[in-house]
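Morning, everyone. Let's take a quick look at how two chains meet.

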Amino acid sequence: MSASFQNEFDRDRVAAEAEKTLRLIATLPAPKGIETRVKGRLQAVPSRPYVIEWPFSSRDGSGWMRGSGIRAAAAAAIVLIVAGGGWGVYSRTHVAQAPTALVAPAAQGGASGFTGANATRKPQTVVGPVVPTQSTPAQKTNSAKIAPALHRKSRHQSIAVKTVPATPAVQ
Amino acid sequence: MEIVESTVHEEACRQAQEEALSALVDQYATTLYRVAFSVLRNQSDAEDAVQETFLRVLRHRETLGEIRDHRVWLIRIVWNIVLDRKRRAKTRPETDDVAELARVLPATGLNAEERAAALQHHAHVLASVEKLPAREREVVMLSAFEELSSVEIASVLGVTESSVRSRLFRARNLLAELLQHPRSIR
């Protein structure tokens with residue numbers, strides 16, 4: 001009990017000593033002439049805020065722009081100029097209409113899907129070697145059967161005939 | 001004619017405001033300097049803070065008539081300025097504080113050894129104060145000004161009076177703890 005009391009007493013004493021230091025600093029005198037220097041600085045500041053003034057207005061406030069009618073007319077003129085300028089820009093601007101449908105370019109080339117892409121110059125390609133095909137006896141009989149059947153079809157009917165090339169005999 | 005009269009009136013108002021401002025400088029410049037110095041601990045910085053305070057007042061001189069307590073109002077302005085400056089500036093080394101204190105503290109009645117010991121003690125106290133949490137530190141520093149009551153401190157800090165008292169109680173305990181056991185940091 002007495003130890004805690006002693007502790008508390010010590011704590012108060014230490015805190016009081018610390019506050020004494022702070023109080024000492026708080027009571028330090030200000031440097032001499034501080035008021036004069038502050039006043040001098042305040043006088044150096046322009047009393048009127050620096051703004052760009054209308055060149056024809058007088059400093060005493062009796063300039064021609066002080067009249068309310070003239071001020072209203074000037075304001076109206078500014079509004080008209082701004083509005084006219086805006087309308088001029090708007091009327092000269094032509095906004096392109098968005099296309100309603102897209103036209104796809106005509107497909108070129110055969111069924112293989114490869115085209116020349118409308119190129120002006122096309123490189124000469126080397127013609128590859130042609131391998132002679134040897135038709136087998138079975139194919140010969142097939143073609144002999146198909147030929148009369150094709151002749152029997154009507155002329156108006158379009159028939160896509162896809163002949164299967166014979167397997168080249170690679171030697 | 002009306003315009004001329006109003007201009008004359010404006011000029012008279014401006015003149016009155018300048019006189020009021022001049023009176024405020026005469027009356028409170030030293031108080032504001034001491035508040036600023038207690039935080040910044042540098043003569044030229046404190047004087048700059050005082051000048052900035054009155055420049056702010058000059059900018060808002062139209063509101064001078066609406067202020068009830070000019071002293072508390074001015075202390076509040078300078079307090080915000082010095083806290084802002086301290087926040088922006090790098091932490092001053094402790095040796096700078098001691099050197100500045102040695103320059104400004106009165107040395108009458110102290111020999112060289114006592115003076116050195118006193119300076120060391122002050123430096124130790126200031127270092128401990130710096131370790132306090134911001135809220136407690138602000139209250140304990142403002143309470144060192146005998147001319148400021150707890151109500152006025154509350155007004156400067158923008159808190160209630162009971163809050164000032166509780167913070168001051170906490171600050172004293174923490175400060176004593178830090179001075180007795182320097183390594184105890186909360």
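First, a term: contact here means heavy atoms within 4.5 Å. With that in hand, the contact takes 30 residues from chain A and 42 residues from chain B. Keep in mind that this is a predicted model. Its scores are ipTM 0.75 and pTM 0.58. For chain B, the mean pLDDT is 83. Of the residues in chain B, 87% reach 70 or more.

Now the area. About 3,400 Å² is buried between chain B and chain A. Carbon and sulfur atoms give 68% of that.

What about charges? How many salt bridges does the rule find across the interface of chain B and chain A? Three. Here is a salt bridge to look at: Arg37(A) with Glu47(B). Their side chains meet at 2.3 Å, N to O.

On to polar contacts. Between chain B and chain A, the count is seven residue pairs, with both residues at pLDDT 80 or more.

Which helices of chain B each supply at least two residues of the side that touches chain A? Here they are: α1 (2-40), α2 (43-59), α4 (94-104), α5 (112-131), α6 (134-143) and α8 (161-180). α1(B) gives the most to that side, with 14 residues.

Last, the make-up of the side of chain B that touches chain A. By class, that side has 23 nonpolar residues.

To recap: 42 residues of chain B and 30 of chain A take part in the contact, and three salt bridges are found across the interface.

How values were computed
Residues numbered from 1 in each chain as written. Chains lettered and ligands numbered in written order. Heavy atoms only, no water. Buried area = accessible area lost by both parts, 1.4 Å probe. Salt bridge = Lys/Arg side-chain N within 4 Å of Asp/Glu carboxyl O. Polar contact = N/O pair within 3.5 Å; in protein donor to acceptor, adjacent residues only side chain to side chain. Helix = DSSP H or I, 4+ residues; strand = E, 2+ residues; numbered from the N terminus. Nonpolar A, V, L, I, M, F, W, Y, C, P; charged D, E, K, R; others polar. pLDDT = per-residue confidence, 0-100.
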